[in-house]
Amino acid sequence: MKNDYIILIGGGGHCHSVIDVIEQQNRYHIYGIVDKKENIGNKVLGYPVIGDDEDLPELAKVCPKAIITIGHIRTNEIRVKIFHLLKKLNLELPTIISPLAYVSKHATIAEGTVVMHHALVNANAKIGVNTIINSKALIEHDVTVGDHCHISTASVLNGGVTVANNTFYGSNATSKQNIIINDFIKAGSVVK
Amino acid sequence: MKNDYIILIGGGGHCHSVIDVIEQQNRYHIYGIVDKKENIGNKVLGYPVIGDDEDLPELAKVCPKAIITIGHIRTNEIRVKIFHLLKKLNLELPTIISPLAYVSKHATIAEGTVVMHHALVNANAKIGVNTIINSKALIEHDVTVGDHCHISTASVLNGGVTVANNTFYGSNATSKQNIIINDFIKAGSVVK
Amino acid sequence: MKNDYIILIGGGGHCHSVIDVIEQQNRYHIYGIVDKKENIGNKVLGYPVIGDDEDLPELAKVCPKAIITIGHIRTNEIRVKIFHLLKKLNLELPTIISPLAYVSKHATIAEGTVVMHHALVNANAKIGVNTIINSKALIEHDVTVGDHCHISTASVLNGGVTVANNTFYGSNATSKQNIIINDFIKAGSVVK
């Protein structure tokens, strides 16, 4: 099954969850993790930190696939910056979908986006690039999620909602149907 | 696997989700969709709108199974009216259960009810007719849900709760145990 | 598959859910249920009540495995008392994990703990003894849950949270990341 190597960018807590997804998916070998210079040589769930951002041009020559595993709570600034750097380096950013998630065949998901364990992306949904659909999130029918978003754990986007680029949608938040959501939505919110 | 045809009544957003469930279930061919007269000839996720309500007597002669795919938010009036019409026409209303949902073998679910992706109906639960158990809804042990209800996305009915007929239980709502719930419960409510 | 007998201690609503998990797991035969004296001879989802607490020393001689199926809402006092009694009687308390749950191989779960249907225990999580991880609960990466806790239905513990021993974490509650939680958290709370 495993037919390709991938670099993970960011070695914190979100990286732990993404490693779990990649291992369950059993499609990619993790080549190593890129993190801060002081962490080089450390291990993250058994995988070595092999360099920092400055090493990316060299790493891109030996491993042409990467995924961003930095979290996104207060800001997605670093995730967006890295995304554009990876594109400039011609790295391929696959879509990573947990085999424990469900993505409708009528949905589309763009590059660099991860769909974590027990998430559900329903019919006719469209998800942009470099977005996190976190564990147990529910993206209902006809929802559009923009680029560089974080749809947090166990949150619910009901039918027909549009989520603007760069939105943080907090853990276990709920939305009405057919509304527009942007900016920063706190955990547990009900958005009307 | 597919051994029978079924008509879907209602071609809106909820229909998209039900189509996804029926396709994953791989048990029924979708014969076509009944919607407003002005939509006849349109397609919904690739399936044709083949008639409106007035065509149901004729359609019932060629396709003896149907499921109601109209949503239920403010009112279930149309869903109830169509349910009685379909019964009068002797249409069979199967129970549709997503293969990605879990229904305990100790639970019972009545005709015309749909259990959507990632829903869970636990031991000793009883669900009435023409009810929507929506995506990721949790129906815990010993819950009774009446007829013509909508238990919305990611909502939680805890152990021993009784839900009256015609109830709308909002998205991501939560209940205490062993209480009675009826009428209209807003999204995100905690019902005590 | 089924290679061993197990006694269930407590015949109420939570027991119904645990029976469903054990049946789906298909690993243990249910030897019988221990409940109040007046319930001896009754059946719980088809399994007989075979004794009360006072019969445990005798029962331990014929069936060396047990799991506590008493609920925990206001207090876990009885669950803790029984746990220590079972240990004193040298009963083995297995970890019961629903085949419909997901537990990361990077997580650890101690004895006597049950992980119910559709729960998710993510990478690097650690769960103590005699704890209930209830249906659809989400335990994110790097969470630590202590002993004798109840993480209720559909609740969310976000990354890096620490839950103290004896905590009740209510249904559909949500937490911030990296905080400490203890005592009694109401259903639907957002804990900061």
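## Terms and model

A residue is called buried when its relative accessible area is under 20%, exposed when over 50%, and partly exposed in between, using a 1.4 Å probe and protein chains only. This is a predicted model, in which local features need pLDDT of at least 70 and side-chain atom pairs count only at pLDDT 80 or more, while totals for chains, interfaces and linings use all residues. Residues are numbered from 1 along each chain as its sequence is written, chains are lettered from A in the order in which they are written, and side-chain values use heavy atoms, leaving out hydrogens and water.

## How the copies are related

## Aromatic pairs

Over all chains, the structure holds six aromatic pairs. Rings of Phe, Tyr and Trp (its six-membered ring) pair if their centres lie within 6.5 Å; planes under 30 degrees apart are stacked, over 60 edge-to-face, and the rest tilted. One of the pairs joins Tyr5(B) and Tyr31(B), edge-to-face, at 6.0 Å centre to centre with 90° between the planes. Tyr5(B) is partly exposed at 42% relative accessibility, and Tyr31(B) is partly exposed at 32%.

Phe168(C) and Phe184(C) form a stacked pair, 4.7 Å centre to centre and 15° between the planes. Here Phe168(C) is buried at 8% relative accessible area, whereas Phe184(C) is partly exposed at 40%.
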